[in-house]
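This briefing collects selected local features of one protein chain, grouped by topic. It is meant to be read beside the sequence and the structure.

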Amino acid sequence: MAVRAELRPTGPYSLRLSGRHGSDATRVVVDGTYRATIRIDGQLERVHAAQRADGTIVVAAETNAGVGHVRWVLGLDDDHSEFLTRFANDPLIGESVKRFRGLRPLRTGTVAQALLRAVAGQLIQASRAREIERTIIRRATPKLGDLHAPPTCEDLARFSPAQLGKLGLGARRASALIRLCRSFDLERLKDHDSDSIYRRLERERGLGPWSVGVVCLEGLGRYEHGLRRDLSIVKLASAMWGRWVEAEETDALLEPYGEWAGLASVYLIAGYAAGLVTFPRAIAA
């Protein structure tokens, strides 16, 4: 690879922690290393990154644009130190904040891929959702080595709902995906503020708060809106309140985090999976 760069993340950052569930059809993230196929100006390119013991991220790419792409996907410039300080003693996520302080959600290579992930993940098992995503990407995009390029709107808009149905995506979700990919350039959402994006996407048939949160977090790199009504949060709230709760009731758990609610949802889910979330009496009452 022709270009090598050493990048210092702004604030606490762990590639090993952030990428532990980050592999997909476009990238492999394992043991603090990142390897991907990307598409720059229509050309496929390999990129690689690894984190040294001093925290530096060493990136190898074929172009400077490839280095910039890795910087953005890994979220290296999005310092979340304020979040860590503000919520270190939070009764719900405080232990998660202390344990996972280097965690930042990885971004997808394109906003279109985040939308695909969002619609594939609705109401089904996570492993099955990722299988559907991988199948569609492998059918939709070119490959370099063993990895495919992240899908663009143009890639996904070529499908019909029936074709996506054969690849495992339900008809209503397939229609929403195709309609959005054909109606406007999703990458241009990066130029708009988070609240207007959220309101715009939430009006779309086939999308709900969880799906919009996936697009905001993983496609746009925004921390204000996140994984509202995720099944893990529903299970957590049900255990806290001693009854099975409706998904919309769990919105109350994320309200106290304000502009950090999206990142808080990530830490809450990670902490719950690790057994770090206690049930404070004030919240459970």
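A residue counts as buried when its relative accessible area is under 20%. The model is predicted. Phenylalanine 83, at 0% relative accessibility, therefore counts as buried. The points below cover aromatic rings, cysteines, a helix, a hairpin and a loop residue.

**Aromatic rings and charges**
- The whole structure contains 5 aromatic pairs.
- A cluster linked by ring pairs comprises Phe83, Phe87, Tyr223, Tyr257, Trp260 and Tyr267.
- Arginine 20 places its charged end over the ring of phenylalanine 100, 5.0 Å from the ring centre.
- The charged end of arginine 107 sits over the ring of tryptophan 72, at 4.8 Å from its centre.

**Cysteines**
- The number of disulfides is 0.
- A disulfide requires two cysteine sulfur atoms within 2.5 Å.
- For cysteine 153 the closest cysteine sulfur is that of cysteine 181, at 4.3 Å, which is too far for a bond.
- Cysteine 153 is buried, with a relative accessible area of 12%, and cysteine 181 is buried at 6%.

**Helix H12**
- Helix H12 spans residues 231–241, and its buried residues are Ile233, Val234, Leu236, Ala237, Ser238 and Met240.
- The N-terminal end of H12 is capped by aspartate 230, which has a side-chain oxygen 2.9 Å from the backbone nitrogen of serine 232.

- Strand E2 (residues 27–30) carries Arg27 and Val29 on a covered face, and Val28 and Val30 on an uncovered one.
- In a regular strand, side chains alternate between the two faces of the sheet.
- E2 and strand E3 (residues 33–40) run antiparallel and are joined by 4 bridges.
- Valine 30 lies opposite threonine 33 of E3.
- The hairpin has 2 residues between its strands, and aspartate 31 takes a positive phi near 50 degrees.

**Serine 14**
- Serine 14 lies in the loop between strand E1 (3–7) and helix H1 (15–18).
- Apart from neighbours within four places in sequence, serine 14 contacts Gln51 and Gly102.
- The C-alpha atoms of serine 14 and glycine 226 are 20 Å apart, with 212 residues of separation in sequence.

Conventions
Residues are numbered from 1 along each chain as its sequence is written. This is a predicted model: local features need pLDDT of at least 70, side-chain atom pairs count only at pLDDT 80 or more; totals for chains, interfaces and linings use all residues. Side-chain values use heavy atoms; hydrogens and water are left out. Buried means under 20% relative accessible area, exposed over 50%, partly exposed in between (1.4 Å probe, protein chains only). A polar contact is a pair of N or O atoms within 3.5 Å; within protein, one must be able to donate a hydrogen and the other to accept it, and residues adjacent in sequence count only if both atoms are side-chain atoms. Two strands pair if DSSP finds at least two bridges between them. Contact means heavy atoms within 4.5 Å. Rings of Phe, Tyr and Trp (its six-membered ring) pair if their centres lie within 6.5 Å; planes under 30 degrees apart count as stacked, over 60 as edge-to-face and the rest as tilted. A charge sits over a ring if NZ of Lys or CZ of Arg is within 6 Å of the ring centre and within 35 degrees of the ring normal.
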